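Here's a quick briefing to read with the model open beside you.

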Amino acid sequence: MRGQGSYSVVWFKRDLRLHDHLPLRQALQHGPVLCLYVVEPSLWAEPDAARQHYGFLLESLRDLYRDLRQLGGQLQVVTGEVTEVLARLHRSAPFSRLYSHEETGNGLTYRRDRAVKRWCQAQGVAWHEVPQFGVVRRLEERNHWQAQWEAFMAQAVAATPPHVPSITLPWSEPPASPDALGLPTEEPPARQRGGRRAARQILADFLAERSQQYRGGISSPLSAPTACSRLSPYLALGCLSLREVVQETRLFAARLPASASRHRAGLQAFISRLYWHCHFIQKLESEPALEFHNLHRGYDGLREDDWNPAHFSALSAGRTGWPLVDACVAMLRETGWINFRMRAMLVSVASYPLWLHWRPVGEWLARAFIDYEPGIHWSQMQMQAGTTGINTTRVYNPIKQARDHDPKGRFVRHWLPALARVPDAWLFEPWRMPPDVQARCGVRVGIDIPEPPVDLETATREAKARVHALRAQPEIRAAKAAIVARHGSRRRPATSRRTKRPPAGQLSLDI
C-alpha cells in the first residue's frame, strides 16, 4: 500500500462530489486521505433498490473519479459490507480517523451506520460525521428548526480542494455488476443520467430559463418535465449539495432586474421546495420507524389486512382503466420520473379507491422513481395515505386531474397509444363508451383497454368514510398532539410578498 502511515479514510456515501464536501476538507487537514466508496450487496438487495439507481450511481462515481484524478487523488470503489471493508483495510494499514457525511437513508443504512459506530469504538477509530443538509440529528423539538435550516444554508460553501493527496487500497477490484448484485433487468430507457457534470448543466439551465415556468408549470404532466428543476436525483445522491443550490438560486434571484417578477417568483417557490426537502427528511431522521410502521400507530390495521393483489397488479402494470393513472405508470417505466401532483395522485388512487396499504406500494414506487429519497418518500407515502394522523386527507380524483391538467388528452394519448382515436368526450372515462363508439375508434373495453377494478366514486367514498371514522375516535385524536410536537411544521417560509405559506400542493413527493 502506497503512502502508509498517518492517513484518514473519507467514506463517500450519498455525497458524490468534491465541492461543498466538508468531511473531505477536514480530513485533508491531517494529511493524505483514502477516498472510499463501498458498494454494499445488502443495500442493493433491499426492496427499494432498482437497476436504474445503480446505473445512476455508477455514472456519478465516474464523474467523481475523474474529478479526483484531476486533483491528484483517486477514488477507491470496492464491493462488500462496510464494516468488513473497514476491518480489512484496518488490518492492512491501520488508520485512526474516518470522515463522512451524516446520512438519513433507509432502515438498512441506519442499522449499518450503528454497526460502523460500534466497530469504530472497538478499534479506537474516531468517526467524524458532518451534516449534509438542514436535517438536525438528535433534534428534541421543532420550534427552532426553521432558523437552524436557514443558518445551515447561510454557512459558507466548502470550496473544492486544490489538491487531494491520496493513498490507494492494498487491493483493487471493479465495481460489482448489476447482475452480480441480483438487480432486476428492467430499467427506464429514457431516465436521467448521473454525475455532477449533468447536474451542473441542469441547474444552470433551470436558473436561467426553465424556472420562469416553475410556478404554474409544475402541476401538469405536460409542462412539468421542463418546468420542474429536474435536480431531485442529483440531490438524492449528493452530486450537488443542497446548500450550493440554495445559495446559487438566491444569488441568481437577487441579480434579476425588477421587471423579472415571474422569474423571481419561480425561484422563490423553488427555494420553498428545498426547505420542504429537509422538513420531510427530518421526519425520518427523528423517527426511522415511519419507513415501516404508521406514524400514528392508531392507524395500524387500517389497510394491512385488506391487501388485494389484483388491485396492486392493475396499478403497477398500468392497467387500472383510469387513463391518467395508466399514462403516468407508462411514463414512469420509460423515464423513471413523473411530477409531484401525478405522484400524489398515484398514491391517492392506491390508498383510497384501491384500498392498498402504503408500504408495498411505496416499495414499488421507490424502485420506479429515479430520484428516490427515503426521507421524502416514506413521509409522503404516509401523508398521502392518511396515516400520519396530523395531515388533511388528500384524495385526488384521476378523472378530475385529467380534465384539469390534460384537458385535450395530449399526455394520455402520448403514453397510451391505444386511446389515440378515442373521442374527447370519452377519453377520460373510456369504459363508458357505447359499443358503436368502440367499434368506430378500434378500441374494445376489457380487451384492448382494461375496465377499472372498482367504481371510482363508490370506492373512494367508502374509503374516505373508513378513514374519517377512525380519525374521529377520541383516542386517535388524543394521540395527535404528540405527533404534531415531534414532526409538525412550525412556520412556513414566505414564497412571495403577498403569501406567508407555500402554494397549494407544496407538500409533494419530489422537488
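Arg114, Lys117, Arg118 and Arg138 form a positive surface patch. To count for a patch, a residue needs over 30% relative accessible area and no salt bridge, with like charges joined within 9 Å; Lys and Arg count as positive, Asp and Glu as negative, and His and the chain ends are left out. Keep in mind that this is a predicted model, where local features need pLDDT of at least 70 and side-chain atom pairs count only at pLDDT 80 or more, while totals for chains, interfaces and linings use all residues. Residues are numbered from 1 along each chain as its sequence is written, and side-chain values use heavy atoms, with hydrogens and water left out.

**The patch and a partly exposed glutamine**

- Lysine 117, one of the patch residues, sits in helix 5 (residues 107–123); helices here are DSSP runs of H or I with at least four residues, strands are E runs of at least two, and both are numbered from the N terminus.
- Lysine 117 has a relative accessible area of 47%, so it goes down as partly exposed (buried is under 20%, exposed is over 50%, partly exposed is in between, with a 1.4 Å probe and protein chains only).
- Glutamine 148, in helix 6 (residues 145–154), is also partly exposed, at 36% relative accessibility.
- Between glutamine 148 and valine 136 there are 8.2 Å in space, C-alpha to C-alpha, and they are 12 residues apart in sequence.

**Salt bridges**

- The whole structure has 34 salt bridges (a side-chain nitrogen of Lys or Arg within 4 Å of a carboxyl oxygen of Asp or Glu).
- Arginine 14 and glutamate 373 make one of them, at 3.2 Å, N to O. That pair links distant parts of the chain, 359 residues apart: arginine 14 is in the loop between strand 1 (8–12) and helix 1 (22–28), and glutamate 373 is in the loop between helix 16 (358–368) and helix 17 (374–385).
- Arginine 14 is buried at 17% relative accessible area, and glutamate 373 is buried at 5%.
- A network of salt bridges takes in Arg14 and Glu373 along with Lys13, Glu40, Glu103, Arg112 and Asp113.
- Glutamate 244 and arginine 196 meet at 3.0 Å, N to O.
- Glutamate 244 is buried at 2% relative accessible area, and arginine 196 is buried at 13%.
- Arginine 403 and glutamate 429 meet at 2.9 Å, N to O. Arginine 403 is in helix 18 (residues 398–405) and glutamate 429 in the loop between helix 19 (410–415) and helix 20 (435–441), so this pair ties together parts 26 residues apart in sequence.
- Arginine 403 is partly exposed at 44%, whereas glutamate 429 is buried at 17%.

- Which way do the residues of strand 4 point? Arg97, Tyr99 and His101 go one way, Leu98 and Ser100 go the other, and all are buried.
- In a regular strand, side chains alternate between the two faces of the sheet.
- Strand 4 covers residues 97–101, and five of its five residues are buried.
- Strand 1 and strand 4 run parallel and are joined by three bridges (pairing takes at least two DSSP bridges between two strands). Valine 10 has tyrosine 99 in strand 4 as its bridge partner.
- Strand 4 also pairs in the parallel sense with strand 5 (residues 126–130), over five bridges. There, histidine 101 has valine 130 of strand 5 as its bridge partner.

Key:
Patches are made of residues with over 30% relative accessible area and no salt bridge: like charges are joined within 9 Å, nonpolar side chains (Val, Leu, Ile, Met, Phe, Trp, Tyr) within 5 Å. Accessible areas come from the Shrake-Rupley method with a 1.4 Å probe; for residues, only the protein chains shown count as cover. The place of a charge is taken as NZ of Lys, CZ of Arg, CG of Asp or CD of Glu.
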